[in-house]
Amino acid sequence: MEERRFAEVPRESIKLMAESSGVELSEEVAALLAEDVCYRLREATQNSSQFMRHAKRRKLSVEDLNRALRWSNTETICGYGAQDALPFRPLKEGELFFVEDREINLVELALATNIPKGCAETMVRVHVSYLDGKGNLEPQGTVPTAVQSLSEDLLKYYQQITRAILGEDPHLMKVALLDLQSNSKIAALLPYFVYVISGVKSVSHDLDQLNRLLHMVKSLVQNPYLYLGSYVRSLVSSVMYCILEPLAASINPLNDHWTLRDYAALLLSHIFWTHGDLVSGLYHQILLSLQKVLSDPVRPLCSHYGAVVGLHALGWKAVERVLYPHLPAYWANLQAVLDDYSVSNAQVKADGHKVYGAILVAVERLLKMKALSLTLAAEGSGAGLPGTTTGAVSFRENSPGLSPPPEPLSEPPLGIASHLQAGGAGCPWEEWTPVSLPAMYCELYSFFGDSLAVRFSTGLPLGGVPPPGPCQPLEGRKEPASSAPNLENTRKMPQLTASMNISPRQDGSPRMEPQPPSLAATVPGRSLARSSSSSVSRSRSSSSRPGRSTSQSRDIFPKARFPLPQAGPPAFSFIIGGRQMGRRCQGRRFQTSFSPTPPLTTHPPRAYAHKLPVIGRVSKPVRRWTCSHYSLHLPL
Amino acid sequence: MCLWCRIRQKIPKKKKTYYAAHVMTPLLSAPGKKMAAVQDAPMELDAEKETKPEILSDGTSNLSGNTASGTLSSPPLTAGGAPKQEDQQTLIAVLQFLRRNKLTESVEILRREACLEDQEDSQTLDGSGGGKGDGDGGDANSLLSRVSIASAAAPQSTLTPIPVKNDQPDVSVVLSAYSQQGDPSLYQVYYSSLKNFIESVLDCHRAELSQLFYPLFVHMYLELVYNNHENKAKAFFEKFSGDQECYYQDDLRILCGLTKKEHLKGNEALLDFRTSRFVLRISRDSYQLLKRHLQERHNNQIWNIIQEHLYIDIFDGMPRSKSQIDSMSGSFAGETRREVNKAKVFYGLLKEPEIEVPLDDEDDEAENEEGKPKKKKTKKDSMGSKSKKQDPNAPQQNRIPLPELKDSDKLDKIMYMKESTKRIRLGPENLPSICFYSFLNAYQGLTAVDFTDDSSLLAGGFADSTVRVWSATPKKLRKVKSAAELNLIDKESDDVLERIMDEKTASESKNLYGHSGPVYGVSFSPDRNYLLSSSEDGTVRLWSLQTFTCLVGYKGHNYPVWDTHFSPFGYYFVSGGHDRVARLWATDHYQPLRIFAGHLADVTCTRFHPNSNYVVTGSTDRTIRLWDVLNGNCVRFFTGHKGPIHSLAFSPNGKFLASGSTDGRVLLWDIGHGLMIGELKGHTDTIYALKFSRDGEILASGSMDNTVRLWDSMKAFDDMETDDFTAATGHIHLPDNSQELLLGMYHSKSTPVTHLHFTRRNLLLAAGAYNSQ
């Protein structure tokens with residue numbers, strides 16, 4: 001039997017139909033009828049396809065067939081107007097097929113209480129699809145719910161990337177992350193990536209996966225072609241999860257979840273500083289949730305730790321506003337943990353030390369930055385802001401590098417304030433008045449005692465630990481090498497350096513990249529070297545201990561002074577040099593988010609080095625400081 | 001009601017080709033008495049006709065295969081000097097038919113009208129009551145006195161209904177043409193011997209002679225079916241259907257269902273195939289070759305078919321290549337005969353009316369106080385100089401009477417000119433921005449969309465019989481107040497136009513109810529006061545956009561009306577439908593002014609030429625025809641599409657035509673030369689929308705495949721060298737440069753593009769219904 005090219009109705013069907021209506025047909029009649037039925041069916045179908053074409057549809061509807069029948073003076077078929085397909089079922093016994101036709105209880109339907117909604121009004125919506133022949137960047141409509149609506153290529157890309165990032169091969173992951181960071185065509189995939197990232201909640205037992213997902217966040221955030229829009233919120237919540245949640249992985253003390261939290265905190269600040277303007281009130285929301293965690297004594301210490309590093313990463317103002325007012329209340333709890341020397345408490349106590357260290361680092365910087373801002377303000381007003389060429393544009397906001405972006409500040413603080421108030425910690429937002437520096441110092445000193453004093457104001461003697469390497473890998477962070485030989489330091493906070501996941505990286509290593517890829521690779525360096533000559537230190541008697549400077553720190557200086565600009569983007573290395581020389585050279589820096597580093601043109605580091613003798617005493621270096629683009633960076 | 005319409009209604013459709021006649025009423029003396037001044041030569045011609053009705057035809061010459069191209073350009077009146085015998089026979093056949101169907105009144109009128117009394121009486125015994133016709137046909141009479149008949153005049157010669165050998169004027173004759181038969185068992189032998197022959201000839205001839213396969217195959221198959229050799233027919237089909245060109249698949253699908261003689265009678269598509277003569281274009285050499293072969297082999301069966309059912313257009317010169325043939329073939333009735341497209345077409349634009357345009361609005365405002373008359377400069381620099389000179393290709397300004405411009409029209413023209421000075425010049429480097437108008441929640445099915453020229457209003461036709469109008473600007477739509485309220489307003493006030501509007505009715509959209517079937521076509525009048533809609537219910541409706549009510553329902557098609565389009569000057573409009581004719585209407589007449597008959601299948605889309613003197617129609621028979629509004633002649637006939645044509649667009653200068661079809665290709669045509677000049681491949685589904693940018697530089701096409709594509713039409717037109725040779729022979733080499741011409745392709749998420757429109761500043765608007773599945 002040759003292949004049948006066109007469908008036919010078999011005469012058996014005709015006979016069956018006839019039987020069902022009580023007519024006996026002879027073979028011949030059935031054959032004739034079958035042929036005629038075939039022809040008529042075909043004719044009707046062909047005619048109906050015309051109605052389909054003119055209705056600009058692809059799908060032939062029952063209505064189309066009915067129209068064709070009507071125009072050829074044939075009775076139309078009724079009762080098949082439903083949009084959904086009719087199930088065509090076989091009967092188990094015998095080769096019989098039928099259209100399922102369930103009985104509907106009309107009474108039930110009529111008395112049903114859920115009255116179906118009418119369909120929405122037909123309307124016309126306009127959007128600019130293509131501007132000057134180019135695609136519109138604004139995302140349109142709602143987020144597509146299914147992956148299959150993507151083009152095939154994108155889908156493939158998505159699968160490859162996620163597989164590479166979450167897979168085993170570290171090299172592949174690197175490539176994937178790099179591509180994610182620079183690919184300009186993945187806007188459509190953003191929702192899917194964001195969705196994948198939100199999967200952090202389901203892999204809280206797997207530090208490795210969490211890390212990979214955070215790297216993915218970082219790549220997305222850094223992609224200059226992506227407009228994150230409201231997805232920022234989702235990304236932030238995923239990152240916050242990693243910072244704050246008592247992850248399942250942290251049950252095992254061998255798991256280094258601290259690193260993850262530190263990294264996530266860095267990432268958070270990065271997202272916030274680069275994309276914080278996309279979502280209004282983001283700053284306050286983040287602060288609020290950090291504060292909530294901090295003020296919740298039931299939470300494990302690792303959560304508290306997360307809150308502290310989070311605040312720290314958001315800048316000294318965040319610390320000042322949330323952590324500092326909350327400190328007295330929190331201190332009691334922490335003290336209790338630290339003072340418990342029982343064996344069963346050992347693990348908790350170790351955690352407590354971590355928190356202690358984190359707080360110490362945070363407040364330390366708070367003090368420093370506050371002092372800095374005060375001096376800057378004083379000098380600025382005193383010198384009458386000399387109009388150096390490019391300079392002091394937004395000096396106050398930028399120079400400390402730590403003020404929150406203008407948006408949250410300008411926002412009327414009502415709603416958020418009440419939230420913060422409800423949080424119960426710290427002072428109410430609107431009533432918040434900056435505590436004067438000496439008062440703050442006094443209070444903090446009461447908590448931390450000498451450790452604060454020593455670390456803060458007498459940098460030089462402490463600082464002199466030469467780092468094992470300029471760029472220490474993340475994992476290596478924990479090694480105690482970084483802990484200073486200084487007795488005090490080791491005694492009071494052996495975990496500090498460790499907990500801050502700071503490789504004591506020596507300051508001016510020029511190979512720091514400005515881009516957050518360095519966040520992963522190069523952990524922010526920390527130099528313990530301090531200059532003793534600062535207005536802050538002068539203001540406090542205890543702080544000035546110039547005699548304690550060691551030769552080690554002396555060694556550091558020359559290194560720092562002449563960072564060679566050739567290796568990395570010069571701007572960054574320059575910052576470090578400048579800071580060390582000009583200001584109290586706080587040792588640690590976090591480099592945050594400001595990916596497009598302004599090109600450094602004005603002061604090559606060498607020229608700067610010549611000024612060394614006068615730095616710190618005169619206002620001049622300060623001005624220079626503002627003139628250059630330091631303000632874009634966030635020193636910690 | 002027009003008698004001809006009535007006849008059409010009562011006659012079963014399959015016989016309609018008999019009545020492929022022009023109803024030639026004078027083009028109506030248009031809106032108002034002002035038209036009287038415009039009347040001139042053509043009107044007088046018509047007036048002459050009123051006194052001396054004539055039957056115009058040259059049927060004989062067409063049927064016998066000779067050409068009668070001389071009559072094409074000459075006015076119809078002179079064409080038919082004396083009615084020929086065949087025409088009378090045609091008429092007699094019609095009369096017989098009418099009589100058999102008891103349409104006595106019509107018989108009477110037609111008879112009187114066609115001056116057939118004598119012949120009629122001599123041939124048959126007339127049973128109809130003569131007096132009755134007078135009584136009630138008074139009105140019809142007066143109407144008919146202006147009707148002249150041109151049965152299938154020269155331009156439509158391909159579809160001349162009656163086979164030559166009929167000396168007996170009857171309908172059954174058409175079918176009986178197949179009664180003469182050879183031995184059915186030899187059909188396969190005949191066909192395969194021809195096939196062997198064609199496959200063995202030289203390459204250069206093979207392509208040309210291969211054209212014979214399809215028409216021969218169909219005719220032989222039908223002969224077999226007609227003579228009740230069902231099994232042989234099936235076997236024949238099985239054996240040879242695979243050889244046919246792929247673009248005939250749809251036809252083959254229809255054909256294969258036909259196995260009974262009874263089916264044959266009801267099938268319109270095939271009736272057309274048999275009644276019309278399939279046109280082939282073959283070089284003289286190839287033809288000689290074929291002839292010699294057939295005569296040597298005494299293959300009379302095939303020779304007879306060629307003689308009777310095919311029209312072979314022989315030309316001198318090089319045989320054409322396969323690609324040349326393929327680009328032109330594919331229609332129901334073969335290719336165009338060369339002489340059909342020889343008529344002169346006045347494709348130029350009409351002279352712009354001189355309107356005093358203040359050059360710059362702001363300047364005008366500022367300096368108005370000083371010298372009012374001086375400031376009103378006429379705008380001569382750009383538009384003026386062009387319109388001053390009469391385009392040699394333009395028709396006479398008053399070739400067809402056009403409505404006079406109203407003040408509001410002049411204002412609109414001024415607006416248009418101002419806007420066009422701000423127009424963006426488009427080009428390959430400067431593509432237009434696209435705004436997409438998505439119809440949401442259009443569950444009832446969006447079937448047609450139109451924008452007003454100034455892009456202020458948007459109309460949608462829906463499958464649930466409604467027409468909806470939206471305002472595309474923030475200005476809401478308002479109705480005029482009721483008559484009682486209108487009496488109250490101060491008619492002398494300056495803002496009377498504002499006062500007549502009823503603020504309470506302001507809304508973003510208005511629904512228009514009235515049709516009783518899906519609305520397949522909508523079109524705004526150029527003055528934005530009216531909207532036309534055509535529907536499956538067989539009517540075209542005219543809606544007022546002042547009151548948002550239906551003003552007129554134009555009945556005449558009686559079958560679904562697929563498309564309608566307003567003339568660019570308003571007043572006239574054209575409609576085309578399932579009854580295979582396009583009709584020209586004037587808004588103030590309830591009968592059509594012209595009936596354009598000739599397509600072998602549904603007229604799917606209709607468009608007016610920018611100068612309003614021509615109408616173009618696309619059809620399911622895969623052909624495009626250009627009709628002269630003045631005399632109803634078909635002046636251009638384009639073949640080449642491989643599927644039903646669903647979109648047409650004239651270039652703004654009136655020189656070119658673009659057409660899109662279900663085969664996903666856009667074809668470009670030069671109207672003046674009557675040639676295909678370009679093929680734009682790329683779309684993967686039916687093209688429902690085509691539009692040229694305002695300057696004609698860009699052609700935008702929108703398709704069911706959810707894309708809008710932009711083509712470099714300038715380059716397409718420039719690349720084609722239309723030398724005298726190609727113009728004379730009509731043999732074109734199409735460069736395969738679709739990829740170069742494609743400037744951009746833009747996807748919508750899930751919205752088929754139903755309509756495209758360029759605003760006056762060249763922003764591209766696209767519209768379609770979002771499809772959630």
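Which residues of chain B does UniProt list for "repeat: WD"? I looked them up: the unreviewed entry gives residues 439-480, 512-547, 554-585, 596-637, 638-671 and 680-712. UniProt positions follow the numbering used here, feature names are shortened, and annotations may be inferred rather than shown by experiment.

**Ground rules.** I am working with a predicted model, in which local features need pLDDT of at least 70, side-chain atom pairs count only at pLDDT 80 or more, and totals for chains, interfaces and linings use all residues. Residues are numbered from 1 along each chain as its sequence is written, chains are lettered from A and ligands numbered from 1 in the order written, and side-chain values use heavy atoms, leaving out hydrogens and water.

**Two of the repeats.** I checked residues 554-585 of chain B and found 0% helix and 59% strand, with the end C-alpha atoms 9 Å apart. For residues 680-712 of chain B I noted 0% helix, 61% strand and an end-to-end C-alpha distance of 10 Å. Helices (H or I, at least four residues) and strands (E, at least two) are DSSP runs, numbered from the N terminus.

**Helix H2 of chain A.** I tested the length of H2 (residues 27-54): its 28 residues should span 40 Å at 1.5 Å a residue, and the end C-alpha atoms are 41 Å apart, which agrees. The expected span is 1.5 Å times one less than the number of residues.

**Where the chains meet.** I found 38 residues of chain A in contact (heavy atoms within 4.5 Å) with 61 residues of chain B. Chains A and B bury about 4,300 Å² between them, 52% of it on carbon and sulfur atoms; buried area is the accessible area (1.4 Å probe) lost on being put together, summed over both parts.

I counted four salt bridges between chain A and chain B, each a side-chain nitrogen of Lys or Arg within 4 Å of a carboxyl oxygen of Asp or Glu. B:Lys260 and A:Glu35 form a salt bridge at 3.3 Å, N to O. H2(A) gives the most to the side of chain A that touches chain B, with 12 residues.

**Inside chain A.** I also looked at A:Glu364 and A:Lys368, a salt bridge at 3.6 Å. Both lie in helix H14 (residues 346-382), four residues apart, about one turn of the helix.

Key
Buried area is the accessible area (1.4 Å probe) that two parts lose on being put together, summed over both.
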